[in-house]
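Colleague: I would like to go through this model with you. Can we take it step by step?

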Amino acid sequence: MEKKRKISIIGSTGSIGTQALEVIEKLHDKFEIIALAGGNNVELLKKQAEKFKPKYVCHNSASPLNGADRGKDIKILHGADGLDEICSNKENDIILVACSGKIGLKPTLKAIENGIDIALANKETLVMAGDIVMKKAHEKGVNIIPVDSEHCAIHQCIKDINQVEKLIITASGGPFLHKTIDEMKQATVKEALAHPRWNMGRKITVDSATLMNKGLEIIEAHHLFGIDYDDIEVVVHPQSIVHSAIEYKDGSVVAQIGLPSMHIPIQYAISYPERFEGIKSKSFSFADAARLDFEKPDFEKFPSVKLAYQAGKTGGTATVCLNAANEEAVFAFLEGKIKLYQIYEITKQIFDSHEVIQNPTIDEIFAVDEAVRKLTKDLIQNM
Ligand code: MG
């Protein structure tokens with residue numbers, strides 16, 4: 001019998017994590033789950049543990065995981081130390097880092113140090129520490145397979161990176177694509193969360209409404225594929241059928257196409273380099289897709305994209321600052337403290353005042369992250 005691929009999931013109770021478990025359930029004869037790590041949603045984590053029977057469960061809640069290990073051989077781990085233990089376990093063939101936020105960075109680095117391949121869904125890992133993470137991955141010969149649909153698409157298109165002229169990243173444009181700037185300024189949380197194509201977590205959905213998500217993806221793409229920012233292009237494509245493309249030096253453009261479902265990129269990333277019949281196999285039809293539209297992004301309406309290019313080109317802690325200020329502003333928006341449009345204004349103000357550290361250490365990155373978050377919160381408090 002074929003050997004099962006051993007996998008752990010960091011962030012199993014989130015949007016990507018739960019969909020990854022659906023993929024694994026379908027491919028139950030291909031995968032064996034070593035560990036599931038979730039945050040505070042202990043009830044869901046318990047249900048997942050009962051169903052998938054991992055060896056380890058890690059949670060980050062104050063309340064213990066009562067009964068999750070009852071009558072089973074499950075070891076309960078907790079917090080950052082628990083994630084550390086999971087990512088040091090060389091039994092893993094691959095670890096899916098599907099949590100959101102900076103919490104994903106240290107476990108990813110730990111897994112890389114231990115030579116374990118990564119299916120990466122956590123944006124902050126590359127936005128905050130792309131130089132360090134990619135260097136270490138190259139040194140250790142570790143594969144980092146992107147889960148994010150755009151990067152996953154590019155990963156599938158590339159045969160030889162040296163022959164690539166540019167990356168073309170598609171953006172759905174979010175819920176405000178055809179709204180005016182004034183309408184956008186009046187947007188409610190509910191409107192910002194009503195994404196037309198993708199069903200995702202709240203933070204990333206707001207980022208998709210402001211297009212900051214695309215900005216962060218440009219930075220991720222730069223690190224993942226080692227392509228200059230000037231050779232990364234964004235194109236708005238409302239149907240989200242073309243997930244991204246690359247142009248080769250000879251002018252040939254290769255795109256990856258499929259339904260807008262995260263099951264496909266998740267399955268690709270955890271199965272790579274193999275392909276199996278999955279949840280969404282045989283479900284795409286060109287005739288059903290009918291038409292595909294493309295347009296240039298409106299940088300005046302979505303200035304976050306420009307700011308992200310600027311941060312990326314500046315390098316060092318500029319992207320750490322961008323990410324932290326934006327995230328705090330998004331949280332404030334979700335709490336009703338600020339308007340949608342102020343997310344950019346606040347982020348820009350904090351970004352412009354940031355003194356960039358080039359080639360930062362991991363400790364410096366976390367220190368900047370913390371300082372920027374505090375500054376941003378203070379700024380919002382005093383508005
Ligand atoms: Mg994406």
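Colleague: How many residues of domain 1 are in contact with domain 2, and with how many residues there?

Modeller: Keep in mind that this is a predicted model. The protein is divided into domain 1 (5-146), domain 2 (149-313) and domain 3 (315-383). Between domain 1 and domain 2, the contact takes in 27 residues of domain 1 and 30 residues of domain 2.

Colleague: What area is buried between domain 1 and domain 2?

Modeller: Start with the atoms: carbon and sulfur give 71% of the area buried here. The total between domain 1 and domain 2 is about 2,400 Å².

Colleague: Which residues of domain 1 lose the most area to domain 2?

Modeller: Three residues stand out on that side. Together they make up 26% of what domain 1 buries against domain 2. They are K123, I145 and P146.

Colleague: Which residue does K123 meet in a salt bridge?

Modeller: Two salt bridges are counted between domain 1 and domain 2. For K123, the N to O distance is 3.7 Å, and the cut-off is 4 Å. The side chain that K123 meets is that of E220.

Colleague: Is S149 buried or exposed?

Modeller: S149 lies in helix α6, residues 149-157. Its relative accessible area is 6%. The limit for buried is under 20%, so S149 counts as buried.

Notes:
Residues are numbered from 1 along each chain as its sequence is written. This is a predicted model: local features need pLDDT of at least 70, side-chain atom pairs count only at pLDDT 80 or more; totals for chains, interfaces and linings use all residues. Side-chain values use heavy atoms; hydrogens and water are left out. Helices (H or I, at least four residues) and strands (E, at least two) are DSSP runs, numbered from the N terminus. Buried means under 20% relative accessible area, exposed over 50%, partly exposed in between (1.4 Å probe, protein chains only). Domain bounds come from an automatic or database domain assignment. Contact means heavy atoms within 4.5 Å. Buried area is the accessible area (1.4 Å probe) that two parts lose on being put together, summed over both.
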